[in-house]
Amino acid sequence: ELKHSKYVKSIVWCPSAPLLATASADGSVFVSKVSNPTDDGAVTLEIIEKLHMAATVESLCFSHDGKNLIAYARDTPYLSFFDLNDNYKQTKLNLNRGGGASVGGFEDHVSFAVMDMAVSPNGKYLALATDTSRNIVIDAVTGKQIRNLYGHTNDGFSNPKIGWSSNGQYVFGNTQEDGSVCVWDVASASIVKRLEGHTNPIRDMFSSKLSDTLVTTSFDKQTKIWLTPM
């Protein structure tokens, strides 16, 4: 049984090993090893690492190669990279830096919270969904901001979600205004399409890295599968 002291904010699978990571509002992150299923389909979970961060862990993902677990804790100006091959050694990537230089000298200032994040198919970039009607594409190594994506609305009371197309050319995101999916062209940083079908805002989305398939679930109690959305 996995039991945090407060509610779970994020659950992610490792792409290269049978590991499941969970993050909680209590600031904890659990990494668990998942057993092979028995004949009746049952699996067991063994917690192999417990990480503790300074505040509520809003978002979580694994790096493209599965070697790092990436986490964001509210009111911090950085992403935490935990190296699975080096005893979960923590490295901080400052979100206020562009190409290694601080923005206006205020490295500890944070103007947004990262509510969701996704690694690009080639592993070079991270797409960040924030609570300030702004999605950001950053270099996964340097933290340099590559693109700022606007045209939608998500504030502190919304549920921002983000994903990549399988070819890495587009970013998908929700908006609290309606039930549509915004599709940004990364090269131009502009919305080139809106996928409409839900009648209420989207709660969560999953974008496959293996095929042009996007799955969305909404407050309208519907789940939709979008084939070749671009």
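Reply: The account below takes the pockets in turn, and then the strands and residues connected with them.

The model is a predicted one. Its largest pocket has a volume of about 940 Å³. The lining of this pocket is made up of 35 residues. Nearest the centre of the largest pocket lie Ile-11, Val-12, Leu-60, Met-117 and Phe-206. Several strands contribute two or more residues each to this lining: E1 (8–13), E5 (57–62), E11 (114–119), E15 (162–164), E19 (202–207) and E20 (213–218). Sorted by class, the lining of the largest pocket holds 18 nonpolar, 11 polar and six charged residues.

The second largest pocket contains about 230 Å³ of space. It is lined by 15 residues, and those closest to its centre are Ser-63, Asn-68, Phe-81, Ala-140 and Val-141. Strand E6 (68–73) and strand E8 (89–94) each provide at least two residues of this lining. The greatest contribution to the lining of the second largest pocket comes from E8, which gives three residues. The classes here are seven nonpolar, five polar and three charged residues.

Strand E8 also has a pairing partner. Strand E7 (residues 78–83) runs antiparallel to E8, and six bridges join the two. Within this pair, Phe-81 stands opposite Thr-91 in E8. Phe-81 is also one of the residues closest to the centre of the second largest pocket. E7 and E8 form a hairpin, with five residues between the two strands. In the turn of this hairpin, Asn-87 has a positive phi of about 55 degrees.

E20 and E21 run antiparallel and are joined by five bridges. Thr-217 stands opposite Thr-223 in E21.

Is Phe-62 buried or exposed? Its relative accessibility is 7%, and residues under 20% are classed as buried, so Phe-62 counts as buried. Leaving out residues up to four places away in sequence, Phe-62 touches Val-12, Trp-13, Cys-14, Pro-15, Ala-21, Asn-68, Leu-69, Leu-84 and Val-119. Among these contacts of Phe-62 are Val-12 and Asn-68. Val-12 is one of the residues nearest the centre of the largest pocket, while Asn-68 is one of those closest to the centre of the second largest pocket. The C-alpha atoms of Phe-62 and Ser-16 are separated by 9.5 Å, although these residues are 46 residues apart along the chain.

A further residue, Leu-2, lies in the segment before E1. Leu-2 has 25% relative accessibility and therefore counts as partly exposed. Apart from neighbours within four places in sequence, Leu-2 is in contact with Leu-20, Thr-22, Ser-32, Leu-45 and Ile-47. Between the C-alpha atoms of Leu-2 and Val-31 the separation is 9.8 Å, and the two residues are 29 residues apart along the chain.

Key. Residues are numbered from 1 along each chain as its sequence is written. This is a predicted model: local features need pLDDT of at least 70, side-chain atom pairs count only at pLDDT 80 or more; totals for chains, interfaces and linings use all residues. Side-chain values use heavy atoms; hydrogens and water are left out. On a 1 Å grid over the protein atoms alone, a cavity is a set of points where a 1.4 Å probe fits but cannot get out, and a pocket is an open set with protein on both sides within 12 Å along at least five of seven lines; lining residues have an atom within 4 Å of a point. Grid points are joined across faces, edges and corners, and a volume is the space filled by probe spheres set on the points. Helices (H or I, at least four residues) and strands (E, at least two) are DSSP runs, numbered from the N terminus. Ala, Val, Leu, Ile, Met, Phe, Trp, Tyr, Cys and Pro count as nonpolar, Asp, Glu, Lys and Arg as charged, and the others, Gly among them, as polar. Two strands pair if DSSP finds at least two bridges between them. Buried means under 20% relative accessible area, exposed over 50%, partly exposed in between (1.4 Å probe, protein chains only). Contact means heavy atoms within 4.5 Å.
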